[in-house]
Protein chains: 2
Amino acid sequence: MTTGNDREYPFQVSVLRLGHRLVRDDRTSTHVALVSRAFGCKKIYMAYSDNRIVDTIHDMNERWGGQQEFKVELVNDWRSLISSWKNNAGDVIHLTMYGINLRNALPQIKIKSNILVVVGASKVPREINSMADYNIAVGHQPHSEVAALAVFLDRLFEGRELERCFKNAKMSIIPSQADKRVRLEKR
Amino acid sequence: MTTGNDREYPFQVSVLRLGHRLVRDDRTSTHVALVSRAFGCKKIYMAYSDNRIVDTIHDMNERWGGQQEFKVELVNDWRSLISSWKNNAGDVIHLTMYGINLRNALPQIKIKSNILVVVGASKVPREINSMADYNIAVGHQPHSEVAALAVFLDRLFEGRELERCFKNAKMSIIPSQADKRVRLEKR
């Protein structure tokens, strides 16, 4: 197993979660954050979120490792975030069912340095389409931003993100056909 | 584009959603159902669910096509469903972070005929681990059953499920770099 993606890829990926509606999207936003962590991203920016998701991620990092490898940050002004991202030669990729099909789009992406993947809930401001460098569709059927993010990252990292180990974990899983086996790590 | 997966694969895939908790898991269960539809499954069985998810899927099928290609069914006795599935030479695959890593597991699966993919919410009865033919982990970090299902299906169908077109759609998307373009289909 590798110990992270830092040395394998010449770019880093962060996620921006937009359009969260309180209560209704709580679980979905938590899933978006957990997918970002598990699938190799460095950070998730949450727009208009609440602190419970921050607490959940801190708890996951504490138990399963990754305090230094994955961060969550609340942002009030996501437009400024996108602008500064682009000013620093980063790429902004918006996942939307209206975009270019993933299979066709992925080979076209010329990654300059760092990627910001934007995932929305149901209601996303339309301007994001013109602000993004790429609008990419993980299929053209309605499904889930959680699924779209996971499949995009899985294809981008060619499956290797699922091999990563997080540092300073209190526990880790011993893969098993039928049991739940957990290894408690010595600190 | 193909017009469905029926002729391409010698097996069909259905999904069983377990462990749904009312309200808390509503959105997540809806996403599981939509992913099942969009990623090439024939049916989703919902245990202990409510009718709103059924209505959502019917609405999606009505607008985006697939009334004959994707079904949703509520089941009261999921243990009987699994038993009858196995009695009919079907494979039961449970997605769990404690299972065998997807990369190692996928080549080992000897598909007999039809696959039932079981995805749970937080609380899943432990007996499912021994009932399943395969317990497969989409990574060993906590994340999301929506993401796990999508990545599993994407790898199983080798990306081709995202190319499918549904029959009798009222509308479909015209892929676009920056716009939202929808084609209204003639009936």
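How do the axes of helix H1 (residues 26–38) of chain A and helix H6 (residues 145–156) of chain A come together, and at what angle do they cross?

**About the model.** This is a predicted model, in which local features need pLDDT of at least 70 and side-chain atom pairs count only at pLDDT 80 or more, whereas totals for chains, interfaces and linings use all residues. Residues are numbered from 1 along each chain as its sequence is written, chains are lettered from A and ligands numbered from 1 in the order in which they are written, and side-chain values use heavy atoms, with hydrogens and water left out. The model scores ipTM 0.93 and pTM 0.94. The average pLDDT (the predictor's confidence in each residue, from 0 to 100) of chain A is 89, and 92% of the residues score at least 70. Over residues 1–7 of chain A, pLDDT stays under 50, and the model has 17 contacts for this stretch beyond four places in sequence; contact here means heavy atoms within 4.5 Å.

**View 1. Helices H1 and H6 of chain A.** The axes of the two helices come within 9 Å and cross at roughly 10°, which makes H1(A) roughly parallel to H6(A). Helices (H or I, at least four residues) and strands (E, at least two) are DSSP runs numbered from the N terminus; axes are lines fitted to C-alpha atoms, for helices over the stretch in contact, with angles running from 0 to 180 degrees between N-to-C directions. Angles under 35 degrees count as roughly parallel, over 145 as roughly antiparallel, 65 to 115 as roughly perpendicular and the rest as oblique. From H1(A), the contact involves A:Thr28, A:His31, A:Val32, A:Val35 and A:Ser36, which meet A:Glu145, A:Val146, A:Leu149, A:Ala150 and A:Leu153 of H6(A).

View 2. Chain B is superposed on chain A by a rotation of 180° with 0.0 Å of shift along its axis (RMSD 0.0 Å), so the two copies are related as by a two-fold rotation axis. In chain B, the C-alpha nearest the axis belongs to B:Ala147, 2.3 Å from it. The superposition is by least squares on the C-alpha atoms of residues with pLDDT of at least 70 in both copies. Of the interface residues of chain B, 100% are also interface residues in chain A, so the copies meet through the same surface. A:Ala147, found in helix H6 of chain A, counts as buried at 0% relative accessibility, where buried means under 20% relative accessible area, exposed over 50% and partly exposed in between (1.4 Å probe, protein chains only). Not counting residues up to four places away in sequence, A:Ala147 touches B:Val35, B:Val146 and B:Ala150.

**View 3. The nonpolar core around A:Phe152.** The largest nonpolar core has 91 residues, and those with the most contacts inside it are A:Phe152 and B:Phe152. Such a core is a set of buried Ala, Val, Leu, Ile, Met, Phe, Trp, Tyr and Cys residues joined through side-chain atoms within 4.5 Å. Leaving aside neighbours within four places in sequence, the residues in contact with A:Phe152 include A:Ile93, A:Leu95, A:Leu102 and A:Leu106.

**View 4. A:Trp64 at the end of helix H2.** A:Trp64 lies in helix H2 (residues 51–64) of chain A and, at 4% relative accessibility, counts as buried. Beyond four places in sequence, A:Trp64 is in contact with residues of chain A, among them A:Arg37, A:Phe166 and A:Met171, and also with B:Met97, B:Gln141 and B:Pro142. The C-alpha atoms of A:Trp64 and A:Lys180, which are 116 residues apart in sequence, are 15 Å apart in space.

View 5. A:Asp91 lies in strand E4 (residues 91–101) of chain A, and its 1% relative accessibility counts as buried. Its contacts beyond four places in sequence include A:Trp85, A:Lys110, A:Asp133 and A:Tyr134. A:Phe11, in the segment before strand E1 (13–18) of chain A, also counts as buried, at 11% relative accessibility. Among the residues that A:Phe11 touches, not counting those up to four places away in sequence, are A:Ile111, A:Ser113, A:Leu156 and A:Phe157.

**View 6. Two loop residues of chain B with positive phi.** B:Ala89, in the loop between helix H3 (78–87) and strand E4 (91–101) of chain B, has a phi near 65°, a positive value in a residue other than glycine, and counts as partly exposed at 36% relative accessibility. B:Glu158, in the loop between helix H6 (145–156) and strand E7 (171–173) of chain B, has a phi near 50°, again positive in a residue other than glycine, and is exposed, with a relative accessible area of 58%.
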